[in-house]
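Please have the sequence and the coordinates open as you go.

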Amino acid sequence: RERGAVRSMMSHSYASFLLAVIAVAAGISVVHANLDPSWQDTEMTTRLWRVITSNENTELQTMLDEDATRATLRSADGRGPMFWAHEANNEEAMEILKKSGADEDWQDADGKTCTNFEHGQMTEYMKKLNEGRQKEWEEQRARMDAQEVEIDEDDDEDEEEDDKDDDDDDE
């Protein structure tokens, strides 16, 4: 019985290990699987980023007076207003955001807080996302180029028929 239980545990552990290796090989990160679905790139997150990084703190305060939950919004990579305030070294914005509920201990998609990442450094999550978007764009461009060639070839055939028709009319 004990051997069977040990064998079962080893088999289960091996299967878990194998799945983990497959997930890593496929480029799937554990962090990605645990991302909050509310983390989105939106017009509001873009507006907050612009206001904070431009030191437009009066505008930031107005935006938060309208809706204090804006201080807690996060973009697709998990960063948000407090991250951007730190990135811009905008201490006044940091204080405004703290009063509205933002926290310096929140983590981004890579598990980093706003106090422990390098300025302008893209998260690993965003790098992978951008690589995927780039690949999709290249594939779309290739499809469009292929369609353009097909259209051009069709036009050439139409021109040949028109030329033939013109020759027939001349006779």
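1. In helix 4, Asn57, Leu60, Met63 and Leu64 are the buried residues. Here buried means under 20% relative accessible area, exposed means over 50%, and partly exposed is in between, with a 1.4 Å probe and protein chains only. Helices are DSSP runs of H or I with at least four residues, strands are runs of E with at least two, and both are numbered from the N terminus. Down the axis of helix 4 the buried residues fall within an arc of 115 degrees, so they line one face of the helix; the arc is that of the directions from the helix axis to the C-beta atoms. Thr58, Asp65 and Glu66 are exposed on the other side of helix 4.

2. A word on the source: this is a predicted model, in which local features need pLDDT of at least 70 and side-chain atom pairs count only at pLDDT 80 or more, while totals for chains, interfaces and linings use all residues. Residues are numbered from 1 along each chain as its sequence is written, and side-chain values use heavy atoms, with hydrogens and water left out.

3. What covers the buried side of helix 4? The cover includes helix 3 and helix 6. Helix 4 (residues 57-66) packs with helix 6 (residues 91-99) at an angle of about 10 degrees, and their axes are 10 Å apart. Axes are lines fitted to C-alpha atoms, for helices over the stretch in contact, and angles run from 0 to 180 degrees between N-to-C directions. The two helices are therefore roughly parallel to each other; that label covers angles under 35 degrees, with over 145 roughly antiparallel, 65 to 115 roughly perpendicular and the rest oblique.

4. Now the residues at that packing. From helix 4, Asn57, Leu60, Gln61 and Leu64 meet Glu92, Ala93, Ile96 and Leu97 of helix 6, where contact means heavy atoms within 4.5 Å. Sorted by class, this contact has five nonpolar, two polar and one charged residues. Nonpolar covers Ala, Val, Leu, Ile, Met, Phe, Trp, Tyr, Cys and Pro, charged covers Asp, Glu, Lys and Arg, and the others, Gly among them, count as polar.

5. Helix 6 has Ala93, Met94, Ile96 and Leu97 as its buried residues. They cover an arc of only 165 degrees around the axis, which puts them on the same side of helix 6. Their cover includes helix 3 (43-53), helix 4 and helix 5 (81-87). Exposed Glu91 and Lys99 sit on the face of helix 6 turned away from its buried side. Lys99 has 73% relative accessibility, and its C-alpha is 9.1 Å from that of Ala71, at a separation of 28 residues in sequence. Just after helix 6, Gly101 has a positive phi of about 110 degrees.

6. Helix 3 deserves a look too. Its buried residues are Thr45, Leu48, Val51 and Ile52. They cover an arc of only 130 degrees around the axis, which puts them on the same side of helix 3, and they pack against helix 4, helix 5 and helix 6. Just after helix 3, Asn55 takes a positive phi of about 60 degrees.

7. Which polar partner does the side chain of Thr45 have? A polar atom of this side chain lies 2.9 Å from the backbone nitrogen of Thr42. Thr45 is buried at 4% relative accessibility. Leaving aside neighbours within four places in sequence, Thr45 is in contact with Gln40, Leu73, Arg74, Ser75 and Trp84.

8. Two loop residues are worth checking. Thr113 is in the loop between helix 6 and helix 7 (124-170) and counts as buried at 12% relative accessibility. The side chains of Thr113 and Thr115 are joined by a polar contact of 3.0 Å, that is, a pair of N or O atoms within 3.5 Å; within protein, one must be able to donate a hydrogen and the other to accept it, and residues adjacent in sequence count only if both atoms are side-chain atoms. Ala68, in the loop between helix 4 and helix 5, is partly exposed at 37% relative accessibility.

9. For the whole chain, there are seven helices and zero strands. Of the 171 residues, 23% are buried.
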